[in-house]
Amino acid sequence: MQRYSRTAIFLHWTIAALLAFQIAVGWALEDLGARGFALFQLHKSIGISILALTLARIVLRYWKPRPASVEGGWQGALANAVHAGLYVFMLGAPLTGWALVSTAKVKVPTLIFRAIPLPHLPLPMSVGDTAHGAHEILAWIGVALFALHVAGALRHHFLMGDGLLWRMMPARSPALLAALPALVAAGFLLGRVILPAPAPKAAAAAVVPAAVEEEAPANVAEPAGNAANAAVPASADNAAAAEEPVGPPPSWAVRPGGNIGFSVGNSGETISGGFSKWTAKIAMDPDHPDSADIRVEIDLASASVGDSYKDGMLTGDEFFGVAAHPRAVFTAKGAEKTGANSYRAAGTLTLKGVSKPQSIRFTLSGTGKARKVSGSATIARASYGVGNGESSGGLDPKVAVSFDFNAVTE
């Protein structure tokens, strides 16, 4: 029996294994939310790979035609229809997936296997729903055709005894006859194994621990019995009130090497990142913190969590909306001492076009004209419209922000 070419055999089994993997993971992606982000990127990469391999196989068929059909009549016509349907599926599923990504409200950049950028198709947003429906329908059709193709091949090889499977083997070897179909099964099993575990119920309904500080309005005074205020002796308060600062507060220059970082829970895991570009203008007399004048500007386009896919999402409208709001700004007039070398500043954070009261806590270490500053804040992301899409469903409502840097004064 005439065999397919070795190149055709390689393409056949490679595409089959990749399709089995796609089928295994495809149905689970929509239910995974943010936890399935990395798997979704892999799904796109493999889909485009299937598209490229299928195009290569079509070219090969015209260069080296396939062996003649072994069966005529309606059975042969059905086999040909299944083959044609599989080609439609192998071309249509990746193309509709590409269209779906290109018309999504959240523009997620695609890097094939994190290396090759894939541009979005120039399609109108109105195509999105059609692409989504077609992608799902093609997936179901593909599963049915896959099953028919396998059933037909097994019928010929084992029930009719015509050895049809040998045509798609590089050699007449029982080991290959077992190994190559097993490769397809392994693709399916791998797709199931790498699916993320279900999110813990406790994590899905998690609330921020009581120890996490809520942002406080700048014009609301804290209760007199507040524990943070209690940390400062009453005599120190009276002394500070009695002693007026002399002259304007000193200005502090931030030294290179500082850090502003953030972290947020994601379905039981933690996503951490930071901003590489930011500036700070600080005037403050540590002995008279009420004199403080603080302004911090953050370049939101510099946000990174160490993953190029997610970094691309951060700049989009679902998160920071950098195109319309490139910077976040925190300002505060005055601060209060909460303990030895510890302070709290209640100010305003402007993020994504929204200004809300926001407080930060920080400590100063060192003496004289050089100090180390470290501190933290907790931000309610929904108040600023950060993480407002479907891919953010697993994110915690609070984002923890931390900062540390060295500053000097003249």
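## Basis

The model is predicted, so local features need pLDDT of at least 70 and side-chain atom pairs count only at pLDDT 80 or more, while totals for chains, interfaces and linings use all residues. Residues are numbered from 1 along each chain as its sequence is written, and side-chain values use heavy atoms, with hydrogens and water left out.

## The second largest pocket

The second largest pocket holds about 1,000 Å³ of space. Its lining has 39 residues, and those closest to the centre are H83, H149, V150, G152 and A153. A pocket here is an open set of points on a 1 Å grid over the protein atoms alone, where a 1.4 Å probe fits, with protein on both sides within 12 Å along at least five of seven lines; lining residues have an atom within 4 Å of a point. Grid points are joined across faces, edges and corners, and the volume is the space filled by probe spheres set on the points.

Four helices each give at least two residues to this lining: α1 (6–26), α4 (73–102), α5 (127–159) and α6 (174–193). Helices (H or I, at least four residues) and strands (E, at least two) are DSSP runs, numbered from the N terminus. By type, the lining splits into 25 nonpolar, nine polar and five charged residues. Nonpolar covers Ala, Val, Leu, Ile, Met, Phe, Trp, Tyr, Cys and Pro; charged covers Asp, Glu, Lys and Arg; the others, Gly among them, are polar.

## A nonpolar patch

V150, L154 and F158 make a nonpolar surface patch of about 280 Å². V150 is also one of the residues closest to the pocket centre. Patch residues have over 30% relative accessible area and no salt bridge; nonpolar side chains (Val, Leu, Ile, Met, Phe, Trp, Tyr) are joined within 5 Å, like charges within 9 Å. Areas come from the Shrake-Rupley method with a 1.4 Å probe, and for residues only the protein chains shown count as cover.

F158 sits in helix α5. F158 counts as exposed because its relative accessibility is 55%. The classes are buried (under 20% relative accessible area), exposed (over 50%) and partly exposed (in between), with a 1.4 Å probe and protein chains only.

## Salt bridges

The model has four salt bridges. The rule asks for a side-chain nitrogen of Lys or Arg within 4 Å of a carboxyl oxygen of Asp or Glu. K333 and D293 pair at 2.9 Å, N to O. This bridge links distant parts of the chain: K333 lies in strand β9 (residues 327–333) and D293 in strand β7 (residues 288–299), 40 residues apart. K333 is exposed at 67%, and D293 is partly exposed at 31%.

R327 and E297 pair at 3.9 Å, N to O. They too join β9 and β7, 30 residues apart. Both are partly exposed: R327 at 49%, E297 at 25%. In E336 and R344, the closest N and O atoms are 3.2 Å apart. Salt bridges that share partners join R295, E297 and R327 into one network. R344 is buried at 6%, whereas E336 is partly exposed at 26%.

## Positive phi angles

N341 is not a glycine, yet its phi is positive, near 65 degrees. N341 lies in the loop between β10 (336–339) and β11 (342–351) and is partly exposed at 43%.

K352, also not a glycine, has a positive phi of about 55 degrees. Its place is the loop between β11 and β12 (354–365). K352 is buried, with 15% relative accessible area.
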